Amino acid sequence: MNSGSGLNRVQPTLAHSSRLAIIGGALLALIYILVWWAVDTDTAQLRQMWFLPGIGVVGAIIANASGTGGGVVFVPVFNAMRDLDVMALDPLQVTAASMGIQAFGMSVGALRWTDRLYHQKTLAPLEARTQPGDYWLICALVLALSIPALLATQRLATFDGQAVLLGYKSFSILLGLALLLATWTLNRNVPERTTLAPFDIAMLALISIPGGAITALFSVGIGELVAFYLFLRHYPMVLSVGTACVISAISVAAGLVWHVDAGFVQWEVVLLAAPGAMLGAVVARPIALWLGPRKLKTLGAIWIVGSALYLLWLNR
């Protein structure tokens, strides 16, 4: 892949109007305004957390460029907020705030990638075109299995959060290392898969239920698993990242309902970080297309391994 190929991929993204993303983004902005109007906020706390919009941008770029969760970006921020006596969030409030932020940011990312699905341009050598039927089959299958698991976990299940985190992140490290190895060996000079294989449909169904349960606990999980599985199996970027963003956006929106009803959402955090998350989601897709599949997979694998190790160290 030559150095100019990334630039050639970015330019076509500006050639159409992105009507789906524009209309959907306007609707999300309206929802954001209505939420700000409807909930009570502490003005003093809002002033103390002036830095959150910038954190939202960073988290959303990572989340929406790779399809993986950007929630880990907020963990050290929430810890620092507690240490500095700005705001002490318990684990449920951390999950609720992360879901609230992602409900805005991942939704914009989902709209952007879905718009790209219907405006695919000239592909580089070895890259494949994403089939809309495969795209929506993955979204429907995974959501049909993961959301009931997510909702049931929130309402019925009791888990040892530390044990679940250890198992999930250990698995993420193995997945990230496998993706890094496959990207530079088995898949390096092999064309991307053009159609979704029955084996992969079965595997996606298999990871959907535990992925939904993990998302209920940590606000990230199912989108990350879908993105990295599809990347590992060498599917196109639009299919891998786009479906992960759609699945994550709908999952966190569904999971947020329980947190709102239970009063766990710290709205000052969500309202400050959400605009940054939406902005980050807008610029994430061009960044991903500029990087190209190989660099994106490499950086994504490094990110997931690094963030998993950090979370394990933080919760040791």
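Reply: Leu126 sits in the loop between H6 and H7. Helices here are DSSP runs of H or I with at least four residues, strands are runs of E with at least two, and both are numbered from the N terminus. The model is predicted, so local features need pLDDT of at least 70 and side-chain atom pairs count only at pLDDT 80 or more, while totals for chains, interfaces and linings use all residues. Residues are numbered from 1 along each chain as its sequence is written, and side-chain values use heavy atoms, with hydrogens and water left out.

Start with the backbone. Phi of Leu126 is near 80 degrees, a positive value in a residue other than glycine. Most residues other than glycine have a negative phi. Leu126 is partly exposed, at 38% relative accessibility. The cut-offs: buried is under 20% relative accessible area, exposed is over 50%, and partly exposed is in between, with a 1.4 Å probe and protein chains only.

Ser219 belongs to the loop between H9 and H10. At 3% relative accessibility, Ser219 is buried.

The axes of H6 and H7 lie 13 Å apart, at an angle of about 165 degrees. That makes the two roughly antiparallel. Axes are lines fitted to C-alpha atoms, for helices over the stretch in contact, and angles between N-to-C directions run from 0 to 180 degrees. Angles under 35 degrees are roughly parallel, over 145 roughly antiparallel, 65 to 115 roughly perpendicular, and the rest oblique. H6 and H7 cross in a left-handed sense. Left-handed means that the near helix is turned anticlockwise from the far one by less than a right angle; clockwise is right-handed.

Which residues of H6 and H7 meet? From H6 come Met99, Ala110, Trp113, Thr114 and Leu117; from H7 come Pro132, Tyr135, Trp136 and Gln154. The contact residues comprise 7 nonpolar, 2 polar and no charged. Contact means heavy atoms within 4.5 Å. Ala, Val, Leu, Ile, Met, Phe, Trp, Tyr, Cys and Pro count as nonpolar, Asp, Glu, Lys and Arg as charged, and the others, Gly among them, as polar.

H7 also packs on H10. The axes of H7 (residues 132-156) and H10 come within 12 Å and cross at roughly 140 degrees. H7 and H10 are therefore oblique to each other. This crossing is right-handed. H7 brings Ile138, Val142 and Ser146 to the contact, and H10 brings Ile222, Val226 and Leu230. The tally is 5 nonpolar, 1 polar and no charged.

Arg285 and Asp115 pair through their side chains, at 3.9 Å from N to O. Arg285 lies in H12 (residues 267-314) and Asp115 in H6 (residues 91-117), so the pair ties together parts that are 170 residues apart in sequence. A salt bridge needs a side-chain nitrogen of Lys or Arg within 4 Å of a carboxyl oxygen of Asp or Glu. Both partners are buried: Arg285 has 0% relative accessibility, and Asp115 has 2%.

Ser18 is buried, at 7%. Neighbours within four places in sequence aside, Ser18 contacts Arg112, Asp115 and Arg285.

The whole structure holds 2 salt bridges. One of them joins the side chains of Asp200 and Arg233, at 2.7 Å from N to O. Asp200 is in H9 (residues 198-218) and Arg233 in the loop between H10 (222-232) and H11 (237-262), so this pair links parts 33 residues apart in sequence. Asp200 is buried at 0%, whereas Arg233 is partly exposed at 23%.

The chain has 12 helices and 0 strands. Of its 316 residues, 55% count as buried. Among contacts between residues at least 6 apart in sequence, 85% join residues at least 24 apart.
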